[in-house]
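Dear colleague,

I am passing on a structure that I have been reading through, and I would be glad if you kept it open beside this email. My notes follow below, in the order in which I would look at things.

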Amino acid sequence: MVIPALLIFPTPAQCWWEEGHQVVARIAAQHLTAAARRNVSQLLEVEDTPEVVANAMAVASIWADQVKADTGTSNWHFINLTLQDSRANIGDRCANDDCAVARVRLFAAQLKANDPDADSRFSDEDALRFLVHLVGDLHQPLHASSDADQGGNCEALDSAVDDAKNVHALWDGPLVSRMGVDDTALAAELDKEIADMPDGQRADFSAGGAEDWAWEAHRLAVVNVYKRLAIPKEDVAFPDTCAQAPDEIRETSVEVDEKYMDDMQPIVRDQLKKAGLRLARLLNEILG
Ligand SMILES: [Zn+2]
């Protein structure tokens, strides 16, 4: 019997950037106030020490990907901003709050309200786990961009980079893992860079809200993915599968060289640092 490959291998979109999420969570844990960390430790039901909370947040950071199929929440992990969109279109691309920007706002409000009787499908612990994850997602440029291509999932790479076979997977995997596969070590390295930043830069890196972060990530994708890799600009469309994507996209074969990988490293490092600092700021505001 021949089993279709799709049933055997998870699609890249389902296992994306696991290391990235863990790094973001670990950086955030280092920047929590004492009060916020105590509340996080209670929500995650672990001891309130820096190391235990950082480990628990790293585990919590990948939960939302594990439950998205069963809970029908896949759309909460991204926002489909097209190459034609301006910032004013963010609302249009988030009908029924079915996108990452809205879900960050709603889960933050749930946690802040601290109302045990609140009518929600998800517990406060779940709300925290979603927040830790979705703030990370919003910093992966291809989670804030669409060119009728499922955020870069539909453009194949000319030749695989490590295990990544399409543009989205390249940003999920190798661009992070090539900096080191140990999330604890990478987080510590990036946190050292944060400590060495001038105060003004650290404040900049911590700033903004979900809409700002999505738009910033989108601009990064426009310049560093779509323009740099010469991917054709398509009419606005949101295909459910790559088989329904425009021919031009399906027939694109993207060439990625070592220079591209090197040039993207500082961008990925900054996105991880920003996501960690911003997640900490958000949690300090609602739980601090
Ligand atoms: Zn996700």
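In the loop between which two helices does N96 lie? Before the answer, please keep in mind that this is a predicted model. N96 lies in the loop between helix 5 (63–71) and helix 6 (100–113), and although N96 is not a glycine, its phi is positive, at about 55 degrees. N96 counts as exposed because it has 7 C-beta neighbours inside 10 Å, and the cut-off for an exposed residue is 12 or fewer.

That loop between helix 5 and helix 6 also holds Q84. With 11 other C-beta atoms within 10 Å, Q84 is exposed. Q84 and W215 are 131 residues apart along the chain, and their C-alpha atoms are separated by 13 Å.

Two further residues deserve a look for their phi values. A230, a residue other than glycine, has a positive phi near 55 degrees, and its place is in the loop between helix 12 (210–227) and helix 13 (247–250). A230 is exposed, since 9 other C-beta atoms lie within 10 Å of it. E45, which follows helix 3, has a positive phi near 55 degrees as well.

Now to the whole protein. Its secondary structure comes to 14 helices and three strands. The radius of gyration is 19 Å, close to the 19 Å that the globule rule gives for 288 residues, so the protein is as compact as a globular protein of that length. Along the principal axes, the C-alpha trace spans about 55 × 50 × 45 Å, and buried residues make up 44% of the 288 residues. If you take the contacts with a separation of 6 or more, residues 24 or more positions apart account for 73% of them.

Which residues of helix 3 are buried? In this helix, residues 34–43, the buried ones are A36, R37, N39 and V40. These residues are on the same side of helix 3, because they cover an arc of only 160 degrees around the axis. The face turned away from that buried side carries the exposed residues A34 and A35, while what covers the buried residues includes helix 4 (50–60), helix 7 (124–137) and helix 14 (258–287).

The three strands form an open sheet in the order 2-1-3, with mixed pairing. Strand 2 (164–166) and strand 3 (253–254) are the edge strands, each of which pairs on one side only. Strand 1 (residues 156–161) pairs with strand 3 in the parallel sense over two bridges, and the bridge partner of L157 in strand 3 is V254.

Definitions and conventions
Residues numbered from 1 in each chain as written. Predicted model: local features only at pLDDT ≥ 70, side-chain atom pairs only at ≥ 80, totals over all residues. Helix = DSSP H or I, 4+ residues; strand = E, 2+ residues; numbered from the N terminus. Buried ≥ 20, exposed ≤ 12 C-beta atoms within 10 Å, placed from the backbone. Arc of directions from axis to C-beta. Contact = placed C-beta atoms within 7 Å. Pairing = 2+ DSSP bridges. Rg over C-alpha atoms; globule rule 2.2 N^0.38 Å.
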